[in-house]
Amino acid sequence: MPSKKALIRRPSPRLAEGLVTHLEREKVDVGRALEQWEAYVEALRTHGWETIEVDPADDCPDSVFVEDTVVMYKNVALIARPGAESRRDETAGVEEAVARLGCSVNWIWEPGTLDGGDVLKIGDTIYVGRGGRTNAAGVQQVREAFEPLGARVVAVPVSKVLHLKSAVTALPDGTVIGHIPKVDRPALFPRFLSVPEEAGAHVVLLGGPKLLMASSAPRTADLLTDLGYEPVVVDIGEFEKLEGCVTCLSVRLRELYS
């Protein structure tokens, strides 16, 4: 049976100091961000997900974006080596959490860099964004870790956004969705659906037709509703100021061995 566990991590008190790369810095309300994070976590729980809170990393402003620290495939956890050196202390607590869950643990090694937000899995195809945070050596190490397990790894250029999953995610049927101005090479995906808002490119598959998505993409929510999906909408506006989205606030572990 598929597992429905999700790693989460409480926002750091230093969240407002988080990195921004493609956006102008805006003031972040840390108290409001905590409320939004709690509502996000509750949405996961309401839809059947068991949330596992990783130990806080209060000295790491970006640590709430826990997806960037690890990539899961089957029962293997590949611990990332973030492209921003200031984020590398975030991985230790996540490594401990996945080890406690019985995962086989591998690592990205120097000179490789990899952010988990650059990895989009669709079945056994793993798309890895090659951009500002993930380098060629990191992509190659993903191949070495996962191709022997049956994965097919496809490198994708990323230049217009922070991470691959800032540009695209996938619907339950495998269709990739993205906002065209932010996608480098939409033709690389066998099935691609353009959405009208940048934030509409980000969905978390909750199970069945339910899609967790940001309230900042109402037109995309309408489009997906018209296609038979059921958007579950959360406000993550404070995290969006730091280039965050619904995918990067959790790590979904769907294939843990029982």
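Which strands does helix H3 lie across, and at about what angle does the helix run to S7? The close-ups below are taken from a predicted model.

**View 1. Helix H3 lies across two strands.** H3, residues 136–146, sits over S7 and S8. Its run is at about 165 degrees to S7.

**View 2. Here's the open sheet under that title strand, S7.** Three strands make up this sheet, ordered S6-S7-S8, and their pairing is mixed. S6 and S8 (152–157) are the edge strands, each pairing on one side only. From one strand to the next, the twist averages 25 degrees.

**View 3. Zoom in on S7 and S8, a parallel pair.** S7 covers residues 125–130, and six bridges link this strand to S8. One spot to look for is Gly 129, whose bridge partner in S8 is Val 156.

**View 4. This is the largest pocket, at about 640 Å³.** Its lining takes in 26 residues, and the closest to the centre are Lys 121, Ile 122, Lys 165, Leu 205 and Arg 254. S6 gives the most, with four. By type, the lining splits into 14 nonpolar, five polar and seven charged residues.

**View 5. Next up is the second largest pocket, with about 260 Å³ of space.** Here 15 residues form the lining, and those nearest the centre are Leu 23, Glu 198, His 202, Glu 240 and Glu 243.

Key
Residues numbered from 1 in each chain as written. Predicted model: local features only at pLDDT ≥ 70, side-chain atom pairs only at ≥ 80, totals over all residues. Heavy atoms only, no water. 1 Å grid on protein atoms, 1.4 Å probe; cavity = no way out; pocket = protein on both sides within 12 Å on 5 of 7 lines; lining within 4 Å. Points joined across faces, edges and corners; volume = space filled by probe spheres on them. Nonpolar A, V, L, I, M, F, W, Y, C, P; charged D, E, K, R; others polar. Pairing = 2+ DSSP bridges. Axes fitted to C-alpha atoms, helices over the stretch in contact; angles between N-to-C directions. Contact = heavy atoms within 4.5 Å.
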